[in-house]
Amino acid sequence: MATPTDREFALTPASSAPQTSGQKHSQKGKYPKKHNHYGFQDFFQMQPKSGIITDWNDSRNIFTSEDFIIGLQEGLEEEVGNASGVIMYTIGCEWGAKDAVVFREWFEKEFERDIHSSNLMFLLETWWWPFTAQGWGRWEVDMSDRKQGFIFINLFDSAVARTLGDVGKPVCYLYAGLFAGFFSSLVKKSLNCIEIQCYSMGETYCKFLLGNKDRIDAASFWLNEGATARDIQKRLLDGERLK
């Protein structure tokens, strides 16, 4: 998803069919080792005659408006009620798992090294940069509690929360699923993710907790009991568990 204007973005499939030579990114062909390619004009290649929009990694993109997010969210809520969040999370998980495969392919081709022999923070930033270019927002990954078995992700300018506005509840289930799916594939271990702070709750940015099921279940319980993100972090560091 990319933000060409404040009111438009583009959906990018997690896995695209191989592009023909006419559809591949021409600038990438000229400068295959260029890593700083995340400006809008560099990252996207428009083909007005065919209507095809290709990004640097040769994936097809579709531009749409923020009304798409609103329609998707409201349509799901109308059809399935509170289960809409579960559906969005599941979609995100599938997306993240598939994108991990696509990411590994283009990362190892571009940088000529295995992902598991790369610096972890460099790897993660490289994965997220295309999402930033596509309008999904900026992030910060907090690894300081990694040895405790969980990490925090701060997300700035969430496309979902920004569009839906202050609705008084977390709305970024798609992101939570995306993080869970990608990181689970990366570490080859089942991980869950929950949003514990959201722009749509009046906060300045969104915050996610990624970890095993027990920790996420505990965080979900505390969140429903009115705990803040700071409270949840303290309880986890103190080793609290659900009885």
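**Sheet and aromatic pairs**

Q: Which residue stands opposite Val141 in β6?
A: Ile153 stands opposite Val141. Keep in mind that this is a predicted model.

Q: And what does Ile153 stand opposite in β8?
A: Phe208.

Q: Back to β6. Which residue there is the bridge partner of Glu140?
A: Asn154.

Q: How many bridges join β5 to β6, and which way do the two run?
A: There are 5 bridges, and the strands run antiparallel. β6 covers residues 150-156.

Q: How many join β6 to β8?
A: 6 bridges, again with the strands antiparallel.

Q: What's the strand order in the whole sheet?
A: β5-β6-β8-β7. The sheet is open, has 4 strands and pairs antiparallel.

Q: Which strands are at the edges?
A: β5 (138-142) and β7 (192-197). Each of them pairs on one side only.

Q: How much are neighbouring strands turned against each other?
A: By 25° on average, ignoring direction.

Q: Which of its residues point which way?
A: Phe150, Phe152, Asn154 and Phe156 point one way. Ile151, Ile153 and Leu155 point the other way. In a regular strand, side chains alternate between the two faces of the sheet.

Q: Which strands does helix α7 lie across?
A: β5, β6, β7 and β8. Helix α7 spans residues 173-187 and runs at about 35° to β8 (206-211).

Q: And α8, what does that touch?
A: Helix α8 (residues 213-224) packs on the sheet, touching β6, β7 and β8. The direction of α8 makes about 25° with that of β7.

Q: New topic. How many aromatic pairs does the structure hold?
A: 24. One of them is Trp95 with Phe131, a tilted pair at 5.8 Å centre to centre and 55° between the planes.

Q: Why does that pair tie together separate parts?
A: Trp95 lies in helix α4 (residues 84-111) and Phe131 in helix α5 (residues 120-133), so the pair ties together parts 36 residues apart in sequence.

Q: Is Trp95 buried or exposed?
A: Buried, because its relative accessibility is 14% and the cut-off is under 20%. Phe131 is buried too, at 4%.

Q: What about Phe111 and Phe122, how do they pair?
A: Edge-to-face, with 5.2 Å centre to centre and 85° between the planes. Phe111 is in α4 and Phe122 in α5, 11 residues apart.

Key
Residues numbered from 1 in each chain as written. Predicted model: local features only at pLDDT ≥ 70, side-chain atom pairs only at ≥ 80, totals over all residues. Heavy atoms only, no water. Phe/Tyr/Trp six-rings, centres within 6.5 Å; stacked < 30°, edge-to-face > 60°. Buried < 20%, exposed > 50% of the residue type's maximum accessible area, 1.4 Å probe, protein only. Pairing = 2+ DSSP bridges. Axes fitted to C-alpha atoms, helices over the stretch in contact; angles between N-to-C directions. Contact = heavy atoms within 4.5 Å.
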